[in-house]
Amino acid sequence: MLHVEYHHEDGTIELLNIPITQTPENDILRIANIADPENYEIITKNNEKPKYVDGESLILHLTIEENVKRDINVFQQIGSVLHKQLMFSLKSKFIDKQYINLFIEYGGVLKLFDSIAQSEGNTQSYALNALLVLMSDETGFNAVIQWEHASDILYSLLTKDTAATISRQAAEICTVLTTFCGSDGIEEAAGNFATKNGKRKFENLVELALSGDIQTSENAMLLIDSLMIGETKETIILLIKEFDVLNKLKSCNSEIIQRCLKNINTEIVGETGKTKKGWDDLKLLRPEMNEVENERILLEKEYNKLYNELKQLKEKERIIKSDTVMKNTQIKKLEEEEKELNNKSILIEEKMNSILEYPSRETMINEIKSNKKIIDSFEFERTLLKNKLADMEIREKPQIQIEDEITNVFDEQLTNPPPPPPLMQGKGPINVEGKHCVEGYLRNAFVLLQSRINVLLLLKSINGENRDVDEQTMTIVMNIIKRANLKDYENITSIQEYSTLDQYALKILKEPFISQKIQITIQCNQVHNKLDDLLTPLRTIDAACNAVRKSSALKPVLATLLNIGNFVNSGCSQLERADGFGMEILPLLKFIGSSQTYAEFLTTSVDVKSVETELKVCCDVNDDLQNVVNSLKQTETSIVGINKIYADMISSGNNFDSIKKEIEIITKKSRSYLQKASQTEKLFKETLFFFTADENASNIYTTLTFFGIFAEFITALTLAARVEERRQKIINEELKTNSYAPGSNEDPMTQIIAQLKSGQIGKQMLKK
């Protein structure tokens, strides 16, 4: 028997038990009712090709390419529930490198920015989160910065009228773009925004820094600090003085804000305490001179390193040549000894032939054997030396080639020095105090990470002592650890001799089990967030069930409908009395607006405002209960994976009490939510039976369809009440002017309704 998990497009999982036949793949697709098998794939849980053996656990799901295509189509439905769900799930999908490449290939980056520009609320926040995760990948980052309108869309969100969560995320992304790509794009976007909205350049950014939200102010100040270059700096300083930013934020307890204020104050006030009047040409050129000097020092060190390597290679060449000469001399000597032995053997043979009386047979055999052993031993040594000489000649050629290549590279670096790294362009003097052990991409990444968070706070969060670090920061650290070779830093004992940035990096890279701890932290945060998102629909469904069961205003509505049916059918001999009706009758009441008599009767017979108030919660049910339960079960699977990683860590003999406590917290939380979901499911089934008297009603109605009936009913009834209210107002005005004449023109239905209101039995009226 094969155990197959069928992952549907809506995220639900269906378990299938498939008997093993000669064509198991076709059987799985047939039982799962797959209409387009070319878009699906079957793999094991280890992402391997299945063997189709008894007891094997398999997964049936869409191929990554098809998944990307369908996600791209959902981008067209901005404002829909599917589009909101896609924005929420993109941050987890962007963990897959293959998904990112296909997403970029099918134009997903443009679609994502359209969603950021046109969405609102949580959907817009989810889209910005997804963009941050995409930019943490190198390919995704390059795709984002190549789109020319990215800075305009992101900068347009940096206003005090924008929601704090949105503006905070937009400021963070703009800081990343400024740090890695320079400030030109953000400056141009600020100019376009100022022209469009009639404001001064960067005025909205300074206002955002004074918004009052700590995290938003931190991100805004980091962006302002990164823009303090050239003419932009003078513009920002004028705005900071005008809005009195230094005094207003002086009392803020944020370490990041205080550091940014210190940097800005240094630019405004000189060492003597007098305000700077401006930058002259020499001061503008001094940072570039420092950069050139730093690059010269680096090139000189590289030159010395290559020169020493060249000397070592020449010494090796000399040793190899001397060894080759010595081996050739030994081979010649052995060849001469071989010739002497051959001559001796010939003489011995001639002497034996000249003797009349031959020695005994045993004597001759022993003598021949002794001579043959000597000859064989010399022949063996000669062959061995020849093989060693051949090996040395083979090794000598690559050494000479390596020497030539190093010489060529050294000459090329002297004539054409490489360009400075991206972070050195347009920045101030680089701190070269202390040794460097982190270079290239990792160094740039640690620069960004150091500007985001303190290392002690980060390590406490990684060790499970707090949850103060956001998921994006943890993702950046995880990508850094994946790129870094941790073995290169194991032998570093003292970190005090390194620069400040390298000390910051070494504290993270030398943390024991850093990769496993970060993985557990990220997954625990994802489980917490997912459980918090699932609690709201559970509470909403609970409230809706209690509302429809305990509503005092709903009972008169249902009784009125039953009385109408009983009265109408009572005059027909071929029909039984209307002793009840199905829930599906409620949405049909939306047509009461087309007949003023129906509207008058219903809206005056029931308390419309009470119905709308008591059943309003039915309109808030936007999630299917079964999907919520399945999502909670998926969190259980994630917790199992977290426990496996933790088990591997404690197998080394160490104790991780904080991490263990965090795992126990999410485990208890997940189980309590599953228990809450079970109670909600039971309450929903009881509610269905209360209204339908059918134990199998849960097979017909989902939470969305059942409460959708009540939501549609409330909308129709409220609309009819408003129409009837306007009609009665018109009639009252006509009565005042004597232009309305009721009486003989009333239709039969109006007269039937009058009979119902008076409680009379009007069977004869039905004949009309």
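Rings of Phe, Tyr and Trp, the last by its six-membered ring, pair if their centres lie within 6.5 Å. On that basis Phe684, Phe690, Phe691, Tyr701, Phe706, Phe707 and Phe710 form one aromatic cluster in this predicted model.

**Aromatic pairs**

The structure holds 18 aromatic pairs. One of them joins phenylalanine 684 to phenylalanine 707, with 6.0 Å centre to centre and 40° between the planes, a tilted arrangement. This pair links distant parts of the chain, the two residues being 23 residues apart.

**Packing of H6 and H9**

Two packed helices are described by the angle between their axes and the distance between the axes. For helix H6 (residues 121-135) and helix H9 (residues 164-181), the axes come within 9 Å and cross at roughly 20°. Angles under 35 degrees count as roughly parallel, and H6 and H9 are therefore roughly parallel to each other. Their crossing is left-handed.

Which residues of H6 meet H9? On the H6 side they are Gly121, Gln124, Ser125, Leu128, Asn129, Leu131, Leu132 and Met135. Their counterparts in H9 are Thr165, Ile166, Gln169, Ala170, Glu172, Ile173, Val176 and Leu177. By class, the contact of H6 with H9 has 9 nonpolar, 6 polar and 1 charged residues.

Technical notes
Residues are numbered from 1 along each chain as its sequence is written. This is a predicted model: local features need pLDDT of at least 70, side-chain atom pairs count only at pLDDT 80 or more; totals for chains, interfaces and linings use all residues. Side-chain values use heavy atoms; hydrogens and water are left out. Axes are lines fitted to C-alpha atoms, for helices over the stretch in contact, and angles run from 0 to 180 degrees between N-to-C directions. Helices (H or I, at least four residues) and strands (E, at least two) are DSSP runs, numbered from the N terminus. Angles under 35 degrees count as roughly parallel, over 145 as roughly antiparallel, 65 to 115 as roughly perpendicular and the rest as oblique. A crossing is left-handed if the near helix is turned anticlockwise from the far one by less than a right angle, and right-handed if clockwise. Contact means heavy atoms within 4.5 Å. Ala, Val, Leu, Ile, Met, Phe, Trp, Tyr, Cys and Pro count as nonpolar, Asp, Glu, Lys and Arg as charged, and the others, Gly among them, as polar. Rings of Phe, Tyr and Trp (its six-membered ring) pair if their centres lie within 6.5 Å; planes under 30 degrees apart count as stacked, over 60 as edge-to-face and the rest as tilted.
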